[in-house]
Amino acid sequence: ALAHPVTEFLSRPGKRFRARLVELAWRASGRDDNPPAVLPLFVELLHAGSLIVDDIEDDSLQRRGQASLHRQIGLPLALNAGNWLYFWALSLLREAGLSPRAELELHHRTVDAVRRCHEGQALDLAARVGDLHSAEIPGLAHRISQWKTGSLMSLAASAGAIAAGAPQQQIAALAIFGERLGVGLQMQNDLSELTGAAGPLKHPEDLIHGRVTWPWAWAAQRLSASRFDALQVRGARLTSGSGDAASVANGLRDALGDDPGAAVRAWLR
């Protein structure tokens, strides 16, 4: 009921962005060896738990090329497994061999990060792009990304630096870097779902749910008020079960121009 679905989910191929960031922050803090093996695993478990819960909240069809866990084993077991991963990750901190002070700091940062992730997810679930003025959308997309995605990336960078014994000023700088990288990662994720690069089953999710995503934020900044309002009205129809998702997606892609990834690259620079 627990070990089998978690083992299967964790065996799916992922990008390991957060684990790699732990390792890079460790080396950026002056270490030339490897961080404790528990630390990269710790952030990946937190992320895996958030993916399982996120898929339940969005009723997603697939994750990492396979059916979402709640569609494989049912919502109750999947929800239990996703929540359990948060606590398993926290318990693993005891095995990292950190000093009591470093372990306590990382525990506090983890609790704050996971809380903030849930706050970002609450904004993501509650806000509807059709209910907002165009001027509100970019700021809200940024805040959702900061909290929902940036918090865990910031934690990953902090974990590597704290474990390496870096000074507080460097830990703070790496935490800011991780958050900014997380926002860029959310930009890329939103863009890939719009273009279909995330897979055909993920493609219409954000549009149908009326999510405040970065393509909407960029369109709000680039289109005239009348053109954006017309596109926004068409998008709002999708949340009520009508409208044409392909037409709205094409409208957003047109607003992004010939190089939609330029905005992501500009942010990361």
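## A pocket among helices

The structure shown here is a predicted model. Let us begin with its second largest pocket, which holds about 250 Å³ of space. Its lining is made up of 13 residues. If you want to centre your view, Asp-112, Ala-113, Arg-116, Ser-151 and Ser-154 are the lining residues that lie nearest the middle of this pocket.

Which helices supply at least two residues each to the lining? They are H6, H7 (137–163) and H8 (168–195). Of these, H7 gives the most, with six residues.

## H6 against H7

Two of the helices that line the pocket, H6 and H7, also pack against each other. Their axes come within 8 Å and cross at roughly 165°. An angle over 145 degrees counts as roughly antiparallel, and H6 and H7 are therefore roughly antiparallel to each other.

H6 passes H7 in a left-handed crossing. The residues of this contact divide into twelve nonpolar, seven charged and five polar.

## H6 against H3

H6 (residues 100–126) has another packing partner in H3 (residues 38–58). Here the axes lie 12 Å apart, at an angle of about 20°. Because angles under 35 degrees count as roughly parallel, H3 and H6 are described as roughly parallel to each other. The crossing of H3 over H6 is right-handed.

Which residues make the contact? From H3 come Leu-39, Phe-42, Leu-46, Asp-54, Glu-57 and Asp-58. H6 answers with Leu-106, Thr-110, Val-114, Gln-121 and Leu-125. By class, six residues of the contact of H3 with H6 are nonpolar, three are charged and two are polar.

## H10 against H12

The last pair to look at is H10 (residues 214–222) with H12 (residues 245–256). Their axes come within 9 Å and cross at roughly 60°. H10 and H12 are therefore oblique to each other, and H10 passes H12 in a left-handed crossing.

On the H10 side, the contact is made by Pro-215, Trp-216, Trp-218, Ala-219 and Arg-222. Val-248, Leu-252, Ala-255 and Leu-256 take part from H12. How many residues of each class meet in the contact of H10 with H12? Eight are nonpolar and one is charged, with no polar residues. Arg-222 of H10 belongs to this contact, and Arg counts as charged.

Conventions:
Residues numbered from 1 in each chain as written. Predicted model: local features only at pLDDT ≥ 70, side-chain atom pairs only at ≥ 80, totals over all residues. Heavy atoms only, no water. Axes fitted to C-alpha atoms, helices over the stretch in contact; angles between N-to-C directions. Helix = DSSP H or I, 4+ residues; strand = E, 2+ residues; numbered from the N terminus. Parallel < 35°, antiparallel > 145°, perpendicular 65-115°, else oblique. Left-handed = near helix turned anticlockwise from the far one by under 90°. Contact = heavy atoms within 4.5 Å. 1 Å grid on protein atoms, 1.4 Å probe; cavity = no way out; pocket = protein on both sides within 12 Å on 5 of 7 lines; lining within 4 Å. Points joined across faces, edges and corners; volume = space filled by probe spheres on them.
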